[in-house]
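Visitor: I would like to learn how to read a structure like this one. Where do we start?

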Amino acid sequence: LRELFQLYQIMVEEKLIFYQGYIVHTDVKNMVSLGIRLGEYKWTQAFLDQIADQITPAYRRDAIHFNGAQLAYAQGKFRRALQQLREVNLDESFYHLGAKTLWLKVYFDQRDGDAFFAHVHSFQTWLRRNKTITIPQREGHLAWISLTIRLFELHQVGHLSSSREQIQHDLTKIQEDLMRFQPLSQKGWLEEKVAEIQS
C-alpha cells in the first residue's frame with residue numbers, strides 16, 4: 001500500500017494521471033482511500049485542497065464532498081462528515097452507494113438509534129429497488145447492513161446488561177457470519193467494530 005501510495009504521489013506531481021488538464025475523480029477517490037488507510041490524514045487533506053479545482057468538472061463537486069466526508073469520518077469528525085455528505089448529489093449513482101454506506105457508519109458510531117434505524121430502512125429499500133447496481137453489490141451491502149444492525153443492538157445490550165458471556169456468544173456468531181456471508185461488503189470495517197466491542 002505504501003509503495004502504491006508513493007507511486008500515486010509521483011503520478012500526481014508529474015501530472016501523469018491528468019487527462020486534458022484534469023484529474024479523474026476515481027483516481028482522487030483511490031488516492032484518498034490510500035491516504036486514509038495509511039493514516040496520512042494531513043497529506044490527504046492538503047491533496048484534496050490542492051487538486052479541488054483540477055478534478056473533472058462533471059464530478060468535481062461530489063468528489064470533493066464525498067472524499068472530504070470519508071476523510072472526516074476516518075478522523076472521527078462525525079459532524080463534519082455529515083455536513084460533507086449532505087452536499088453530495090445523490091442523483092449521481094457513482095457516489096450514491098458510497099454515501100449511503102458512510103452515512104450508516106456515522107450513525108452507528110454516534111450511537112444515534114433513531115437516525116440509524118431510519119437510514120437502515122431507506123438504505124435497504126433503495127438497494128432492493130435500484131436496478132443500476134449489480135446483484136453482488138446489492139447482496140453484499142444487504143448482508144453488511146444485517147450484521148451492522150446486530151452489532152448496533154449488541155452495543156445497546158452491552159450498556160444495559162452485565163452478561164459478558166452472552167455478549168461474547170453473540171460476537172462469536174457474528175464472526176462466524178463474517179466468514180460465511182458471500183458476498184459481504186465492508187468486511188474490514190465490521191471486523192474493526194467487533195474488535196472494539198471485545199476490548
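Guide: Start with helix axes. Axes are lines fitted to C-alpha atoms, for helices over the stretch in contact, and angles run from 0 to 180 degrees between N-to-C directions. This is a predicted model, where local features need pLDDT of at least 70, side-chain atom pairs count only at pLDDT 80 or more, and totals for chains, interfaces and linings use all residues. Residues are numbered from 1 along each chain as its sequence is written, and side-chain values use heavy atoms, without hydrogens and water.

Visitor: At what angle do α2 and helix α3 pack?

Guide: Two packed helices are described by the angle between their axes and the distance between the axes. Here α2 and helix α3 (residues 41–51) pack at about 160 degrees, with axes 8 Å apart. α2 and α3 are therefore roughly antiparallel (angles over 145 degrees).

Visitor: How much space lies in the largest pocket?

Guide: Rolling a probe the size of a water molecule over the atoms shows where empty space is left. A pocket is an open set of points on a 1 Å grid where a 1.4 Å probe fits, with protein on both sides within 12 Å along at least five of seven lines. The largest one holds about 790 Å³. Of its 27 lining residues (an atom within 4 Å of a point), those closest to the centre are Ile36, Gln70, Lys105, Gln186 and Trp189.

Visitor: Which element gives the most to that lining?

Guide: α6 does, with seven residues.

Visitor: Is Gln166 buried, exposed or partly exposed?

Guide: Gln166 lies in helix α9 (residues 164–180). Its relative accessibility is 41%, so Gln166 counts as partly exposed (between 20% and 50%, with a 1.4 Å probe, protein chains only).

Notes
Helix = DSSP H or I, 4+ residues; strand = E, 2+ residues; numbered from the N terminus. Points joined across faces, edges and corners; volume = space filled by probe spheres on them. Parallel < 35°, antiparallel > 145°, perpendicular 65-115°, else oblique.
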